[in-house]
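Morning, everyone. I'd like to walk you through the ligand sites in this structure. Please have the view open as we go.

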Amino acid sequence: MDTDSHALSHHPKLKSWIDECAKLCKPDRIVWIDGSEEEKNRLEAEAVKTGEFVKLDDKKFPGCFYHRSSSNDVARTEHLTFICSRRKEDAGPTNNWMPPEEGYRRAGATLAGSMKGRTMYVIPFSMGVVGSPFSKIGVQLTDSLYVVLNMRIMTRVGKPVLDALGNDGEFTKCLHGKADLDISKRLILHFPDDNAIWSVGSGYGGNALLGKKCLALRIASNLARKEGWLAEHMLILGIEDKTGHTEYITAAFPSACGKTNLAMLVAPEALKAKGYKVWTVGDDIAWLKPGPDGRLWAMNPEFGFFGVAPGTNSRTNPHAMDTVRKNTIFTNTLLGKDGSVWWEDGDGEPPAEGWDWMGRPWTPGQKDAEGKPIVGAHPNSRFTAPASQCPSISSHWQDPQGVPISAVIFGGRRQHLAPLVYQSFDWAHGVFVGASMASERTAAQVGKLGEVRRDPMAMLPFCGYNMADYFGHWLEMGRAVPNPPKIFHVNWFRKDENGKFLWPGYGENLRVLEWILGRCKGQGKAQKTPIGHVPAADALDLTGLKISPKAMEKLLDVRPEDWDQELDGVEGFFRRFDERMPQEMWSQFQNLKSRLKPPVHA
Ligand code: SAT
Ligand code: MN
């Protein structure tokens with residue numbers, strides 16, 4: 001095998017690393033990804049030929065393809081995801097840990113010879129604008145065409161990236177092999193000390209598109225700590241007011257809690273009438289850095305959206321529907337016999353006949369043996385679409401230094417407890433609010449749905465080092481940035497005693513964001529509660545929204561007795577970090593405790 005004749009780079013370290021990986025995996029050939037249109041067409045045609053892609057109806061879905069992943073490979077597998085730092089304590093109690101030697105040995109055994117008869121693609125990619133000092137370069141080796149074609153949408157790839165890398169630039173070494181997609185051999189490994197990622201046995205999303213969660217969060221969080229910035233699981237959006245001035249917000253929510261919907265929010269009529277427009281900068285990942293003006297700036301390192309399909313429709317997210325009209329890859333949705341795709345709670349009627357996400361013949365209304373409807377699309381089925389196609393994409397989304405941030409929002413999915421919105425008292429309290437966040441589990445990760453788990457800053461599965469140090473780093477960032485954003489917590493998912501959502505969500509969330517931006521400017525009426533500042537009864541603009549005062553009261557209610565129980569959960573979680581937990585976090589905990597239960601004086 002000739003590994004060199006088509007090499008697009010003369011970077012000696014890059015080339016010797018590729019040689020090493022090729023020796024291990026033994027592909028029949030090596031193909032460098034140059035990022036050209038010609039290449040895209042060629043690879044798509046090849047993927048159709050191998051059956052990895054189905055071409056959709058070219059009139060209704062121009063440039064779109066369908067892919068079905070293996071049925072045991074439809075979501076991230078956190079229990080098979082490891083941080084392979086040299087010392088276990090550097091991974092911390094919330095991460096799975098494996099010694100680096102063991103990681104290389106175990107994954108290496110599966111990778112050995114696994115690319116025989118296959119092609120190894122070399123994907124040079126940049127997280128962030130190519131050539132910007134804020135960006136990071138990775139090179140992913142993979143034997144999956146699906147991964148190549150997704151990476152081409154999700155990241156900036158090809159020749160310009162190699163040019164930026166030069167002959168001695170730093171890059172993250174990302175090795176991905178499908179092997180035989182055997183879940184018993186699946187491993188997603190991160191080697192922060194080597195700036196390397198090895199992923200074997202999965203072809204799906206966050207397990208296999210290594211620029212996303214693996215590089216842009218787990219590895220980047222390590223780099224960010226060293227270099228004095230933050231790599232976060234956050235959307236970024238801009239809110240333009242009637243004067244044409246735009247303020248920017250970042251928001252962290254666990255996977256499948258509506259980040260994409262919030263990032264592409266459409267203002268309800270009453271707020272549109274006030275002149276508001278919302279601009280999308282990113283929907284999943286934000287890199288935040290201190291700017292020369294003393295503020296925190298955020299950029300989206302990605303190039304596309306990898307969004308959840310079910311529930312996306314013209315009412316919940318019209319901009320997403322417009323974004324996925326062309327040049328989009330659909331994974332694990334329903335495939336219609338007419339070359340269409342469809343998903344539950346999407347737009348329009350399902351096709352008369354099709355195949356479900358497992359490839360079984362499907363017709364609308366089909367039921368299983370117990371009489372339950374058989375879904376056509378997997379609940380975590382996804383679309384991969386270029387960000388540039390989004391009608392609300394911000395004109396600043398590719399600014400290399402990002403956009404200045406006024407507010408940081410943390411949010412979970414909580415049926416009870418957390419009010420619609422509250423503001424932390426200051427940065428350190430805000431860090432505590434983020435650190436004590438919890439959410440009910442969704443279909444984006446394997447595990448029991450609905451179970452409440454602590455998910456600090458929505459980073460539980462994505463922080464690449466000890467989270468106690470991560471909280472410490474957040475506190476440090478507050479000290480390093482003279483004018484940091486204000487920190488808030490939201491919960492769109494509170495339910496009433498009959499299990500019904502109290503808040504309509506989606507576009508109406510702008511009413512809450514308006515209050516948040518008001519608070520950042522010292523406006524917005526609030527009442528002080530033990531957990532933070534909650535909007536005063538009449539502080540949210542509810543014009544044109546049918547919601548009873550009773551429901552609003554329930555939405556904003558802070559019940560100290562419920563929080564008492566929550567404290568136990570937070571304390572138990574914090575204790576897992578032993579002495580490594582910053583003292584400040586415990587002080588915040590004690591302060592909250594005494595605000596909830598003021599000491600009784602005799
Ligand atoms: O599968 S991904 O990790 O890319 C999506 C998600 O879970 O947020
Ligand atoms: Mn995500």
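An oxygen atom of ligand 1 sits 2.9 Å from a polar backbone atom of Gly206. Keep in mind that this is a predicted model. Arg76 has a side-chain N or O atom 2.7 Å from an oxygen atom of the ligand. Lys213 places a polar side-chain atom 2.9 Å from a ligand oxygen.

How much of ligand 1 does the protein bury? On its own, ligand 1 exposes 260 Å², and the protein buries 98% of that. The space that ligand 1 takes is the largest pocket. Two elements give two or more residues each to the shell: α7 (205-208) and α8 (211-227).

Now, who is in that shell? Ligand 1 is surrounded by Arg76, Gly205, Gly206, Lys212, Lys213, Ser255, Phe306, Arg382 and Ala444. By type, the shell has four charged residues, three polar and two nonpolar.

Next, the metal. Which residues coordinate the manganese ion, ligand 2? They are Lys213 through NZ, His233 through NE2 and Asp284 through OD. The distances run from 1.9 to 2.2 Å. Along the sequence, the donor residues follow the spacing K-x19-H-x50-D. Lys213 belongs to helix α8, while Asp284 is in the loop between β15 (277-282) and β16 (286-290), so this pair ties together parts that are 71 residues apart in sequence.

Terms used: Residues are numbered from 1 along each chain as its sequence is written. Chains are lettered from A and ligands numbered from 1 in the order in which they are written. This is a predicted model: local features need pLDDT of at least 70, side-chain atom pairs count only at pLDDT 80 or more; totals for chains, interfaces and linings use all residues. Side-chain values use heavy atoms; hydrogens and water are left out. A residue is near a molecule or strand if one of its heavy atoms lies within 4 Å of it. A polar contact is a pair of N or O atoms within 3.5 Å; within protein, one must be able to donate a hydrogen and the other to accept it, and residues adjacent in sequence count only if both atoms are side-chain atoms. Accessible areas come from the Shrake-Rupley method with a 1.4 Å probe; for residues, only the protein chains shown count as cover. On a 1 Å grid over the protein atoms alone, a cavity is a set of points where a 1.4 Å probe fits but cannot get out, and a pocket is an open set with protein on both sides within 12 Å along at least five of seven lines; lining residues have an atom within 4 Å of a point. A molecule sits in a cavity or pocket if more than half of its atoms lie within 2 Å of its grid points. Helices (H or I, at least four residues) and strands (E, at least two) are DSSP runs, numbered from the N terminus. Ala, Val, Leu, Ile, Met, Phe, Trp, Tyr, Cys and Pro count as nonpolar, Asp, Glu, Lys and Arg as charged, and the others, Gly among them, as polar. Donors are N, O and S atoms within 2.8 Å of the metal (3.2 Å for Na, K and Ca); water is not among the atoms, so sites may look incomplete.
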